[in-house]
Amino acid sequence: MEQKNRQGEFLQWIIGTGDLLILNILFITVYYKMKGYTGVNLYNLKEIILILNFCYFFALYFVPIQLHRSVVYLDKIVQRSFTLITIQTILFATCIDFLKQGSSLFMFFIIYYIVMALSFTIWRVLIRIAIKEYRRKGYNSKNIIIVGAGKNGMELYRVIKTDLSYGFNVLGFFDDNERLKGILPNYLGRIDELSEFVAGHEIDEIYCTIPGYNSEKISDLLLFAEKNMIRFYIIPEFYRNIKKSMVLDFLESVPLLSPRNEPLQSPYNRFLKRTFDIVFSLLVLIVFYPPLYIIAGSLIKLSSKGPILFKQKRTGIYGQVFECYKFRTMKMNEDADVIQAVKDDPRTTKIGSFLRRTNLDEFPQFVNVLLGDMSVVGPRPHMLKHTELYSKLIDKYMVRHLVKPGITGWAQIMGYRGETRTLEQMEGRVKRDVWYLENWSFFLDLKIVFVTVVNMFKGEKNAY
């Protein structure tokens, strides 16, 4: 076990050393490359490099190294790399400015931040791939045993065996059902025989999957694991019914399990998202919206009688009703709040069809974003009639309203845009909307915006 701990520490040491090498080499490179072109000048370079490294270590306090863990997802690596460099750069720039250690530094820090963020992301993705390959070959793996060979135990075993890069070596199962001896090739014995087995083998972790009514056995196993310095994990019995990640919280000493993680419950994340909404919507409304309103508005007026903007009550966050703005794409009709637009809809005007295909009809919704009724990215807001109907037919339909609706969203870029002819299509949209609110990140929003812009120029088959 001591050797494995050393291997884990060695991996962390490699990652940290690589971080520092990239940090210092790129800083010096960017500085000397820009010095001759922009007039940037830093005084007492040796002291500044010390400050640079200090800021990195300080930033690690907020974003510690996690690449050596068994499970780390790619999007989290990218997100954490950018967050680390953002904190480090802000601290570094603040220190240099406060200590008056340079001149003409604005462009230097902009270029430095971009180069560092991209380089750190690439380096950390590559080192994570290397760690996974290292573990696939059997190195840095943990010896584990599973207590309980029921459905949960077998599911855990299947998951571990599916991907060797997790770094687990399953020695076998302990279960009181002795008939498993002739069925499981790695059946190790009854639960009360576990202590004898552990005495003769090096065990790193014990995973307990036996039902909760065996509370006395679970308590004994936990006590035994702690006395022998073995990490102990419990897979709850309800996992077979709720096969998704749960979030653990505490009300004083009382544990609370929530069925989903909601990153936008964090005040910091809400502030970040709202700041992006305000900045992005102001940019669109100042630069693009005025000429678009004049041109599109004129063509809408020429195409049919009625106002330029179409206003419709939609369902917003927490089920609140708000007025959603769009460029009017149909002739005036009494069914606008009842019947969804369909392919070759006779109500749609020629200019309206073009506006729908290119997503330009959605631009007035940036006013909704600025007012706070909507976000740039989120689940699309539905008509009140659809909310009333689908909330009765789809169990998780109302969950999508735990966040602000958006002009574009994860479901839309995944192909669930426009008309929903069947219940299965709406269920697919809802499933992706719920996934978005459980997996939100700032970089996910940027990705959705980017793909939406690309689709505007490429065209979408469901845009009508």
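Let's start with Asn359, which lies in the loop between helix H9 (350-357) and helix H10 (365-371). Helices here are DSSP runs of H or I with at least four residues, strands are E runs of at least two, and both are numbered from the N terminus. Phi of Asn359 is near 70 degrees, a positive value in a residue other than glycine. As background, most residues other than glycine have a negative phi. Is Asn359 buried or exposed? Asn359 is buried, with a relative accessible area of 9%. Buried means under 20% relative accessible area, exposed means over 50%, and partly exposed is in between, using a 1.4 Å probe and protein chains only.

Quick word on what you're looking at. This is a predicted model, where local features need pLDDT of at least 70 and side-chain atom pairs count only at pLDDT 80 or more, while totals for chains, interfaces and linings use all residues. Residues are numbered from 1 along each chain as its sequence is written, and side-chain values use heavy atoms, with hydrogens and water left out.

Another positive phi turns up at Met229, a residue other than glycine, with a value near 55 degrees. Met229 sits in the loop between helix H7 (215-227) and strand S7 (231-234). Where Asn359 is buried, Met229 counts as exposed, at 66% relative accessibility.

One more loop residue: Pro259, found between strand S9 (254-258) and helix H8 (267-303). Pro259 is partly exposed, with a relative accessible area of 39%. Leu248 is eleven residues from Pro259 along the chain, and their C-alpha atoms are separated by 9.2 Å.

Okay, zooming out. The chain has 14 helices and 13 strands, and its C-alpha atoms fill a box of roughly 85 × 65 × 40 Å along the principal axes. Of the 464 residues, 44% are buried. Now take the contacts, meaning heavy atoms within 4.5 Å. Among those with a separation of 6 or more, 71% are between residues 24 or more positions apart.

On to helix packing. Helix H2 (residues 45-62) and helix H3 (residues 74-98) pack at an angle of about 140 degrees, with their axes 8 Å apart. That makes H2 oblique to H3. For the cut-offs, angles under 35 degrees count as roughly parallel, over 145 as roughly antiparallel, 65 to 115 as roughly perpendicular, and the rest as oblique. The axes are lines fitted to C-alpha atoms, for helices over the stretch in contact, and the angles run from 0 to 180 degrees between N-to-C directions.

H2 passes H3 in a right-handed crossing; that is, the near helix is turned clockwise from the far one by less than a right angle, with anticlockwise being left-handed. Who meets whom? On the H2 side, the residues include Ile48, Ile51, Leu52 and Phe62, and the H3 side includes Leu84, Ile87, Gln88 and Phe92. The residues of this contact divide into 15 nonpolar, one polar and no charged. Nonpolar covers Ala, Val, Leu, Ile, Met, Phe, Trp, Tyr, Cys and Pro, charged covers Asp, Glu, Lys and Arg, and the others, Gly among them, are polar.

H3 also packs with helix H4 (residues 106-136), at about 145 degrees and with axes 9 Å apart. H3 passes H4 in a right-handed crossing too. There, the residues in contact divide into 17 nonpolar, five polar and two charged.
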